[in-house]
Amino acid sequence: MLPKRNLWLPKPKQVLEALRAYNEGYNANVHRGVHYLAAKATSAYEEARAKVAGLINARSSREIVFTPNATAGLNLVAQSWGRNNLGPGDEVIVSVAEHHSNLVPWQMACQATGATLRAVPLTKDTQEIDMQAFKDMLSEKTKVVALVYVSNMLGSILDTDYIAEETHKVGAKLLLDCSQVVPNMPVDVQSLGADWIVATGHKFCGPTGIGFLWGRGDLLEEMPPYLGGGEMIENVFLDHSTYAPPPSRFEPGTPPIAEAIGMGAAVDYISALGLENIHSYEQELGGYLYEKLSAVPELTIYGPPPEKRGSPLCSFNVEGVHATDLSTFLDFEGIAVRSGHHCTQPLHHYLGINASARASPYIYNTKGEVDTFVDELQSVLKFLK
């Protein structure tokens, strides 16, 4: 959500300065040269990895794999672990609320291995993942459960303690898409109960083109490489190769060095603000946005009430108005909301809609800006109707 203003800085200055410092001051590849610039770049790159590890309380920075985005991390797990551990008769459990990035890779893995993909439905009243249906789906056939921690369309938050306990009871692995969580609240992977998590840097004020996969150290050690090339090797011969230990095994070629360093600066920024403070502020702001939108006639908000949300976002539709038309006219007034299926087409089909609009406030927004948004929304609706 972008209110009227003359200046819009989409990233903290600290992040922009970190990108500039690398590109202008020590632009060299990592893990290769021994000269000063290469050593400085490698040090900054690995410091960023350590910062991410600290952000989520990983046991070691070697549990952090840098990826181009959360999608790449999900594909890595589905292709490296999935294709080597799934087979006919096995089952993978997702939900109807998954982002395409946590659905399509598992479709591909199941098609390649003969495993079956099953989707948990939502509760009818609050549109949360149906826990009873989830439990009923679990069996000795279940090999992996891959779920979104907080929905990017509904804002609903998962009961991860219950999910982890039930998943591990049947001996399955748990992957959580934390793209909407890491920016908004503390995450402690040592107590979370997941076997892998993914997140993407641009959602917590970092650059685009960078994200990370966290995995249990012993599990990463068991996983074969997903892509081959330079840097992910130990020794290469003409007829075979041996591979480096994680995380290098999963980072072939020249990595997104500047982006990783920029993401490290973003970690510093949100850590200084305090994830508890961010979560508290967003709960207040999200509740206010929900309340204001609820007062708009003929407007439907999707997902549970504010007290059951893990994100301040609100996806909605207004009767008789297409979400894209709404977004277009709001843009004329300096208000940016997303429209479409938000990379959750199956969820939209499940809800019986073809599109929705989504307002996504973050720490840089205020209640006053929510008021501006809702006022402009009502003016646009008056014009369109």
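Reply: Start with residue classes: Ala, Val, Leu, Ile, Met, Phe, Trp, Tyr, Cys and Pro count as nonpolar, Asp, Glu, Lys and Arg as charged, and the others, Gly among them, as polar. This is a predicted model, where local features need pLDDT of at least 70, side-chain atom pairs need 80 or more, and totals for chains, interfaces and linings use all residues. Numbering runs from 1 along each chain as its sequence is written, and side-chain values use heavy atoms, without hydrogens or water.

Me: What is the volume of the second largest pocket?

Reply: A pocket is an open set of points, on a 1 Å grid over the protein atoms alone, where a 1.4 Å probe fits, with protein on both sides within 12 Å along at least five of seven lines. Volume is the space filled by probe spheres set on the points, joined across faces, edges and corners. Here it is about 240 Å³.

Me: Which residues line the second largest pocket?

Reply: Lining residues have an atom within 4 Å of a point. There are 15, with Phe66, Pro68, Leu227, Phe250 and Pro252 closest to the centre. Strand 1 (64-67) and helix 3 (70-85) each give two or more. (Helices, H or I, at least four residues, and strands, E, at least two, are DSSP runs numbered from the N terminus.) By class, 11 are nonpolar, two polar and two charged.

Me: Is His342 buried or exposed?

Reply: Buried means under 20% relative accessible area, exposed over 50%, partly exposed in between (1.4 Å probe, protein chains only). His342 is buried, at 1%. Its phi is positive, near 55 degrees. Cys343 has phi near 60 degrees and is partly exposed, at 23%.
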